[in-house]
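Here is my note on the model you asked about. Have a look at the sequence and the fold first, then read the points in order.

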Amino acid sequence: MTVHTTIDSPLGELLLVGERSATATGGTALVSLSVPGQKGGAVVQDGWSEDAEAFDEIVSQLRSYFDGELTRFDIECVAGGTEFQRKVWQALESIPYGTTVSYGDIARQIGAPRTAVRSVGTAIGRNPLLVVRPCHRVIGATGALTGYAGGLERKERLLVHEGALQSA
């Protein structure tokens with residue numbers, strides 16, 4: 001059963017979508033975390049149930065992250081995407097809090113050729129779990145902030161929050 005809720009955050013309203021799970025702490029595995037106006041973001045569908053309580057554990061971790069108390073999430077997520085996307089997304093999860101890497105670094109980490117940097121960027125752009133799967137920690141080879149489905153302003157805000165970028 002698909003459940004959803006929204007919460008307020010420093011990034012604006014977050015839409016959380018999940019599936020009931022017997023193995024997830026709190027009973028819900030996260031399918032998607034998106035923001036309004038996000039490219040490819042989730043939209044509530046007919047048949048989904050609004051259930052804020054189903055997300056209590058996930059919301060607790062998000063609040064702790066935004067309060068500066070949590071640097072790594074322990075949230076069960078529903079697997080999705082292609083095999084290539086899953087490899088890229090797994091690499092994202094290994095990027096330490098407060099650091100950044102380039103798209104080329106991710107390509108090298110997954111054993112993809114240098115010519116695959118664009119494909120890596122596309123896979124990162126399709127990450128359905130903003131914040132939790134830290135795609136905001138991937139920047140251009142020159143250090144420039146590039147490509148974030150939730151918007152570059154939010155990417156900058158997250159990197160400043162984590163201490164990986166000085167506020168302007």
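The points below go through salt bridges, helix packing and a few single residues.

1. First, some ground rules. This is a predicted model, so to speak of a local feature takes pLDDT of at least 70 and side-chain atom pairs count only at pLDDT 80 or more, while totals for chains, interfaces and linings use all residues. Residues are numbered from 1 along each chain as its sequence is written, and side-chain values use heavy atoms, with hydrogens and water left out.

2. How many salt bridges does the structure hold? There are five, where a salt bridge is a side-chain nitrogen of Lys or Arg within 4 Å of a carboxyl oxygen of Asp or Glu. One of them joins the side chains of R20 and D51, at 2.5 Å from N to O. This pair links distant parts of the chain: R20 sits in strand β2 (residues 14-20), and D51 in the loop between β4 (49-50) and α1 (56-66), 31 residues apart. Helices (H or I, at least four residues) and strands (E, at least two) are DSSP runs, numbered from the N terminus. R20 has 41% relative accessibility and so counts as partly exposed. For that scale, buried means under 20% relative accessible area, exposed over 50%, and partly exposed in between (1.4 Å probe, protein chains only).

3. E93 and R133 also form a salt bridge through their side chains, at 3.2 Å from N to O. Again the pair links distant parts of the chain, with E93 in helix α2 (residues 83-93) and R133 in the loop between α4 (117-125) and β6 (138-139), 40 residues apart. E93 is partly exposed at 34% relative accessibility, whereas R133 is buried, with a relative accessible area of 7%.

4. The salt bridge of R108 with D105 has its closest N and O atoms 2.5 Å apart. Both belong to helix α3 (residues 103-109), and because they are three residues apart, about one helical turn separates them. The general rule here is that an α-helix has 3.6 residues a turn, so residues three or four places apart point the same way. R108 is exposed at a relative accessible area of 52%, and D105 is partly exposed at 31%.

5. Now for helix packing. The axes of α2 and α4 come within 9 Å and cross at roughly 80 degrees; axes are lines fitted to C-alpha atoms, for helices over the stretch in contact, and angles run from 0 to 180 degrees between N-to-C directions. The two helices, α2 and α4, are therefore roughly perpendicular to each other, a label for angles of 65 to 115 degrees. On the α2 side the contact (heavy atoms within 4.5 Å) is made by F84, Q85, V88, W89 and L92, and on the α4 side by S119, V120, A123 and I124. By class, this contact has seven nonpolar, two polar and no charged residues. Ala, Val, Leu, Ile, Met, Phe, Trp, Tyr, Cys and Pro count as nonpolar, Asp, Glu, Lys and Arg as charged, and the others, Gly among them, as polar.

6. Which residues of α4 are buried? They are V120, A123 and I124. Viewed down the axis of α4, the buried residues fall within an arc of 100 degrees, so they line one face of the helix; the arc is that of the directions from the helix axis to the C-beta atoms. Their cover includes α2, α3 and β6.

7. Helix α5 (residues 152-162) has R154, K155, L158, L159 and E162 as its buried residues. These cover an arc of only 135 degrees around the axis, which puts them on the same side of α5. Among the elements covering the buried residues of α5 are α1, α3 and β6. G163 follows α5 and has a positive phi, near 80 degrees.

8. Two single residues to look up. V131, in the loop between α4 and β6, has a positive phi, near 70 degrees, in a residue other than glycine; V131 is buried at 2% relative accessibility. H4, in strand β1 (residues 2-7), is buried too, with a relative accessible area of 11%. Leaving out residues up to four places away in sequence, H4 touches L15, L16, V17, V44, W48, S49, E50, D51 and F55.

Terms used: Angles under 35 degrees count as roughly parallel, over 145 as roughly antiparallel, 65 to 115 as roughly perpendicular and the rest as oblique.
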